[in-house]
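This report looks at salt bridges and at one helix packing. Please view the structure first.

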Amino acid sequence: MTTATTSPGATAPAVHTDAQLLERSWKVPIGLGVFALVAIILFVVLGRDGQSVFSFTASNANAVQLPTLPLGARATGIVVSVIAVLMAAGAAVLVQRRVHVPLWYVAIYTLTLVIGFLVWTTTGNTLHITGLLVGSLALSAPLIFGALGGVISERVGVTNVAIEGQLLAGAFVSAVTASVTGSLVAGVIAAMVAGVLVSFVLGAFAVKYAVNQVIVGIVLNVLVLGLTTFLYQTVLVNNQTTLNTPPRFHNIDIPLLSQIPVIGPLLFSQTVIVYLMYIAVIAIFVGLFRTRWGLRLRAVGEHPQAADTVGINVARTRFWNVALAGAIVGLGGAYFTLGSVGPFSQNMTNGNGFIALAAVIFGRWDPIRATLAALLFGFASNLQSVISILGSPVPNDFLLMLPYVVTIFAVAGVVGRVRGPAAAGRPYVKS
Amino acid sequence: MTGSENTAPESRSARVLREIASGGVALTVLSVILAFVIGGILIAATDPTVQQTAGYFFARPTDMLSAVWQSVSGAYASLFRGGVYDFTAPDFQGGIVSLLSSLNYATPLIAAGLGIAIGFRTGVFNIGGQGQMLIGATAAGWVGFALPLPAGIHLIVAIIAGLLGGMVWAGIVGLLKARTGAHEVIVTIMMNYIALYLLQFLLHTPVLRAPGSQNPQTPAEKPTALLFSVFGPNYDLSFGFVLVVAATIGCWWLLSRSSLGFKLRAVGENPRAARVAGINVNRTIVYAMALSGLLVGLAGVYQVLGQNTTGFGSDIDAGIGFNAITVTLLGRSRPWGVFAAGIVFGILQAGSNTMQVAQGVDIDIVTVIQSIIVLFIAAPPLVRAIFRLPAPGSRPRAARSKKVAEAK
């Protein structure tokens, strides 16, 4: 069972780079080609006449205002389709020459298609770009915390499927604590403690008792869901005013920076939790790859035996870093309550932990890439809600489906046989 | 999972003896007891009478203790009444209704649990039970209400459609994993959402939505397609349960007697060794996922043709896709283990309804108890430590046996 979390491709890491040079993988050009075809069908064959107006105005009145940008639907569609076809052909040429198609290439391609889709779908309407992006960041924030916790946990060699449970525990405990004490700081700290407690169970079972980590994670999710729902139904529902009316964080404008158009309201007029998130992303990136802590953590996750040989206590390193990951995810849980709506409601994380897990793998166990993946998911789900309000020719359910389909394409095509931390999911039993 | 470590040939009777001796059965029982104790603490702690009497605990401690006893014993008594045998009913027929309803609740849990167990034994984590059930239920349900077929044939066609639906949905994941190495945990989770939104979309179109209805709900199933009651209307046990017994026997045969089952287990134990031994690992993974989805599809079939026959919506999976994972873990991925675990969960589920109505204890306490049972069972050393049981004495050296136990 312990080998289950590693894909078959991970069995031959040594020849990985050689195989890449020798074998030409046509997955990326084929994937880009398929989407280019979709673009032609949607934007040209089924093209719509009219204009889509991109507005950059912000709710923040202090910000410098930009003029609106009107775009002709059909013209934009044709341009986007041409670019898509050319880029797909370009990828094919790169593969023909045995050059790896870089990630930024795919990113630019995706961005082009997204713009094309936005123009096509909002034809005859005004799309508020700033609002779209601000909403996306709001939806992404808990995903990013979850993904960061997942990255740390998996890098140290413990597969963390319990992100969902940690988020939910954080959301529940922070709402109750902040309601009782009236203090936001206490709420946030309590959320982190809740995440750590879930991590303690995960760590104890996975590290001390060497139970299969995916199993513990799944069961912990069920346990936290059951526990919070039970307590919500029996205790919170009857005492809403005393136990479930927490205060909420207010947005803080950072002077000067918050006045930059689009970026200002997006990045610099946020709650404390989001600012903490920026710090967490940077700190974890630097920490993982530039500090002794990160080196030890990665060593334990890649080759616990070697780490043990040079005197690193594998069990302790794993246990405490999983606890740290729990604190970070728990903070993300507080975002659901204190950072956005306020009161806790039953199963309010609603599968976000699993999306965060997808972001970890999509982001190849790298904090920055995982953050970008989480942003992509947040953008996709917010795009859906914005577009469904504007009225789109595509049925709402397909828009809801889109991020998941894209993820499958990405995991199967672009990411493909990725290699996670070598020892992730495997208990280390000192011999 | 335990059991898979027993690579050395060992007769079945010897294994049973050793397991009882090393406390395998005892551990399961103790885990269940522990979980119920923790559940009892939760029930008592959230009971308003207990909270009230706790206020003057030191003045009259008996008040609180009796309140605790009242709430916990009342809750578990009604759990038993609703899940196993209703001792308040006047006759046997009225009493046994509880157990029959538990078996009906257990039916989809066992079916889906078997599917997930086949995945686990092959080393594939099928988290996509929800999606496979939704697609299976949609296929079976559509055949059930849309096609005018004669009785008998109608049911068979509907069941096959449901099985194929689940199989295709999981097979896609298997193919993606085999062809591109896409991680099945991620892909199955994504496929859950895709199935959900696909079904929601179809429920808004005339394909599935009942004519003239405003709700996203299908028309009722035709009576010719329904899973009938085996023992007649007085003792309501669905034919689905018979199917699930057959599926359990089939899975047992497949995993322990067939050549495909051997390949599945070989890949699950060690894919590299399996590859060296000449087993096509990728193809085996596709088979495992397809079989897994087929069985989960059976759970979907039961939901539309046995449980909820008056038309279904997008919540037809009823969380079974995820609950089945816990069932599988409790059953240690063995067919008969899953069968027994499914019945335990069925009893808890049926009983929890009575418990909520009679005692006002929220249903979700059962989820807590279930997950705590599985957690304890997953870590035998922990239960041994709590009850101060000796480590399994099958190995002479204490230090070694401890390590073996920890490795599990």
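Is B:Asp63 buried or exposed? This is a predicted model, and in it B:Asp63 has a relative accessibility of 19%. Buried means under 20% relative accessible area, so B:Asp63 counts as buried.

**Salt bridges**

Over all chains, the structure holds two salt bridges.

| Pair | N to O distance |
|---|---|
| B:Asp63 and B:Arg60 | 2.7 Å |
| B:Lys177 and B:Glu184 | 2.9 Å |

B:Arg60, the partner of B:Asp63, is partly exposed, with a relative accessible area of 46%. In the other pair, B:Lys177 counts as buried at 3% relative accessibility, and B:Glu184 counts as buried at 1%.

**Helix packing**

Chain B also holds a contact between helix α5 (residues 92–121) and helix α13 (residues 320–330). The axes of α5(B) and α13(B) are 8 Å apart, and the helices pack at an angle of about 65°. Angles of 65 to 115 degrees count as roughly perpendicular, so α5(B) and α13(B) are roughly perpendicular to each other. Their crossing is right-handed.

On the α5(B) side, the residues in contact are B:Pro108, B:Leu109, B:Ala112, B:Gly113, B:Ile116, B:Ala117 and B:Phe120. They meet residues of α13(B), among them B:Ile320, B:Gly321, B:Asn323, B:Ala324 and B:Leu329. The residues of this contact between α5(B) and α13(B) divide into 11 nonpolar and four polar, with no charged residue.

How values were computed: Residues are numbered from 1 along each chain as its sequence is written. Chains are lettered from A and ligands numbered from 1 in the order in which they are written. This is a predicted model: local features need pLDDT of at least 70, side-chain atom pairs count only at pLDDT 80 or more; totals for chains, interfaces and linings use all residues. Side-chain values use heavy atoms; hydrogens and water are left out. Axes are lines fitted to C-alpha atoms, for helices over the stretch in contact, and angles run from 0 to 180 degrees between N-to-C directions. Helices (H or I, at least four residues) and strands (E, at least two) are DSSP runs, numbered from the N terminus. Angles under 35 degrees count as roughly parallel, over 145 as roughly antiparallel, 65 to 115 as roughly perpendicular and the rest as oblique. A crossing is left-handed if the near helix is turned anticlockwise from the far one by less than a right angle, and right-handed if clockwise. Contact means heavy atoms within 4.5 Å. Ala, Val, Leu, Ile, Met, Phe, Trp, Tyr, Cys and Pro count as nonpolar, Asp, Glu, Lys and Arg as charged, and the others, Gly among them, as polar. A salt bridge is a side-chain nitrogen of Lys or Arg within 4 Å of a carboxyl oxygen of Asp or Glu. Buried means under 20% relative accessible area, exposed over 50%, partly exposed in between (1.4 Å probe, protein chains only).
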